[in-house]
Amino acid sequence: MKKLLLLALVVAGWFGTASAWNTMYLNCEDNNWGSNGSLEFKWVDTNSYYYILSPDHITKGDFYFRFYASWDNNNGGEDVAPKSDGLAITSVAISDVERNSKEGAFKIAKNEDAKFVAIYIYWANETWNLYSQVLTETTDVAFVNSQNWDNVYIYSWDNKVEMTGEWPGTKIGASTDGSFLKNLAFSANSMLIFNDGKDENSISKTSDLTLVENGVYNASGRVENVSANIGSLGYATFSSAYPVDFTEATDVTAYRAEQTASNEVLLKKVTGKVPAATGLVLKGSGEVTIPTTATGESVGTNNLIASVNATTITPESGTSDYYYFLSGTNASDVGFYLLANSMTYTSDAGKAYYHASTPLKTTGATRATWIFEDETQGINSVENAQNADVVYDLQGRAAKTAKAGLYIKDGKKYFVK
C-alpha cells in the first residue's frame with residue numbers, strides 16, 4: 001500500500017517579490033519560537049526550498065511552525081530578520097504573531113504512522129506555495145551489483161525533496177545474500193538512482209528509476225522476474241542472483257534438500273520468498289518465470305549449493321566431500337548422481353548441486369535415492385501403534401522394499417522415484 005498526505009497551503013503577500021529571498025529558516029515550538037539559525041531550509045532551485053523533519057515530531061503530536069528569512073541587502077532588507085507579519089493563509093490573516101504561542105502558526109496534524117516528513121515552499125504563479133509531505137509507508141528495495149562497483153550508493157527523492165541526503169546519496173552495504181538492501185519511505189512519486197559514489201567525471205550510475213514497492217534493480221534498471229528452463233525431464237536445479245518469490249507460483253514447485261538419517265535426499269517444498277544465491281530443485285516443465293522480491297527468508301537446512309555463476313568442481317580422494325549433480329536421460333532416471341573423484345564437472349550459471357559430508361544411499365551405482373515430503377491432503381497420520389521404523393504402502397502393509405511409489409513412514413507420506 002502507498003499512503004501520501006499532502007497539506008497544501010498558499011502563502012500570499014509575503015514581503016515583495018520572490019527574487020528578494022536568499023535563505024529560509026524553519027521556526028517551531030520545539031526550536032523555542034524565535035531562534036532562527038538552527039533549522040535552515042535546503043535550497044532546491046531558485047525560490048524553492050524544503051526542510052526534512054524527524055518523524056518523531058509528527059508521531060508524538062501536532063507540529064506547529066513558522067518561517068524566518070535572510071533578506072538580500074542589495075534589495076534594502078535586513079540580514080536574517082524574522083519575517084512573520086503580513087502572512088495570509090487560505091484567507092486567514094496572520095499578523096503580529098506571538099513568539100510564545102501557537103496562535104497563527106502553521107500546523108501538521110499528529111500522525112502516528114509517519115515515516116518521513118518534509119515541508120516544501122516554492123514560488124509559483126506570483127505567490128508562495130507551501131505544503132507538507134507526510135509518507136506513512138516504507139519498503140525494502142534491493143540492488144544487485146552486476147557490474148561489480150567498488151561501492152554502492154542510493155540517491156532517492158520525492159517531489160524534489162532529497163530523501164537519502166545530498167548526491168551521491170547514502171552508501172549501502174551488501175546483505176547476507178549478496179544483494180544491497182535499503183529500506184525507504186516512498187510514495188507513487190518517489191524516484192531513485194543507484195551509483196558508485198565517484199565524482200561526476202568517472203561515476204557509474206543508473207538512469208532515473210521509479211521507486212517500486214519491494215523493487216529489485218541492477219545497473220540497467222528494474223528486474224521484475226527471472227526465468228528458468230526445466231526442460232522435458234520435469235526437474236531442474238536452480239539458483240538466482242536475485243531474491244525470488246514463490247508465494248503465488250502455479251506453474252513451478254520449488255524444493256530445498258535435506259539429508260535423512262538413512263542418507264537419502266529429502267526434498268521439502270519451498271513456498272515463500274527466497275534469498276538470492278539459494279540452491280533449489282524446480283519441478284515443472286519448459287520455461288518458467290519467477291518474480292523477484294527485495295528480501296527473502298532462509299529456507300532452512302539445505303544441502304543444495306547455488307552456482308549463480310558457473311562453478312567447476314573436482315572432488316579429491318581422501319576428503320569427506322561428496323558432490324551430486326542432477327542428471328538423467330528421461331523422466332524415469334532423473335536424479336542426483338555422484339561425481340567420482342578426480343572427475344571435473346561444471347555446474348552452469350543459474351543451477352545448483354548437492355553437497356554432503358557422507359555418501360548418499362544410491363539406487364543403482366551412483367544415483368542417489370530421493371524422497372519427497374508430504375504435499376497432499378489425503379492421509380495425514382498413522383496409528384500410534386505402528387512401528388516408526390516401518391515403511392507402509394497405501395494399503396497399510398509393511399513394505400520390505402520401497403519401489404517407486406507413495407509410502408508412509410513416521411506418519412508422513414514420501415514419494416520414491
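The exercises below work through a predicted model of one protein, each with a solution in steps.

Residues are numbered from 1 along each chain as its sequence is written, and side-chain values use heavy atoms, with hydrogens and water left out. Local features need pLDDT of at least 70 and side-chain atom pairs count only at pLDDT 80 or more, whereas totals for chains, interfaces and linings use all residues.

**Exercise 1. Confidence and overall make-up**

Task: State how many helices and strands the protein has, and find where confidence is lowest and where it is highest.

Solution: Begin with the elements, which are DSSP runs numbered from the N terminus, helices being H or I of at least four residues and strands E of at least two; the protein has one helix and 39 strands. Next take pLDDT, the predictor's confidence in each residue on a scale from 0 to 100: its mean over the protein is 78, and 72% of the residues reach 70 or more. Confidence is lowest in strand E8 (residues 92-94), with a mean of 30, and highest in strand E18 (residues 209-210), at 98. Then note two stretches, residues 6-20, where pLDDT stays under 50, and residues 75-100, where pLDDT also stays under 50. Where pLDDT is low, the predicted coordinates should not be read in detail. Finally, 45% of the 417 residues count as buried, a term that means under 20% relative accessible area, with exposed set at over 50% and partly exposed in between (1.4 Å probe, protein chains only).

**Exercise 2. The surroundings of strand E25**

Task: Work out which strands are joined to E25 by bridges, and explain why E25 is largely enclosed.

Solution: Start with strand E24 (residues 253-259), which six bridges join to E25 in an antiparallel run; two strands pair if DSSP finds at least two bridges between them. Within this pair, Gln-259 has Val-265 of E25 as its bridge partner, and in the hairpin, with five residues between the strands, Asn-263 takes a positive phi near 60°. Then turn to strand E37 (residues 370-372), joined to E25 by three bridges and running parallel, where Leu-267 has Phe-372 as its partner. Five of the six residues of E25 (residues 265-270) are buried, so this strand is largely enclosed by the rest of the structure.

**Exercise 3. A loop residue**

Task: Decide whether Asn-303 counts as buried or exposed, and list its contacts beyond four places in sequence.

Solution: Locate Asn-303 in the loop between strand E28 (287-291) and strand E29 (304-307). Its relative accessibility is 18%, and therefore Asn-303 counts as buried. With contact meaning heavy atoms within 4.5 Å, and neighbours within four places in sequence left aside, Asn-303 touches Ala-257, Glu-258, Gln-259, Tyr-353, Tyr-354, His-355 and Ala-356.

**Exercise 4. An open sheet**

Task: Give the strand order of the open sheet of four strands and name its edge strands.

Solution: The order is E16-E12-E19-E20, with mixed pairing, and the edges are strand E16 (180-185) and strand E20 (221-222), each of which pairs on one side only. Strand E12 (residues 138-143) and strand E19 (residues 216-218) pair in the parallel sense over two bridges, and Phe-143 stands opposite Tyr-217 in E19.
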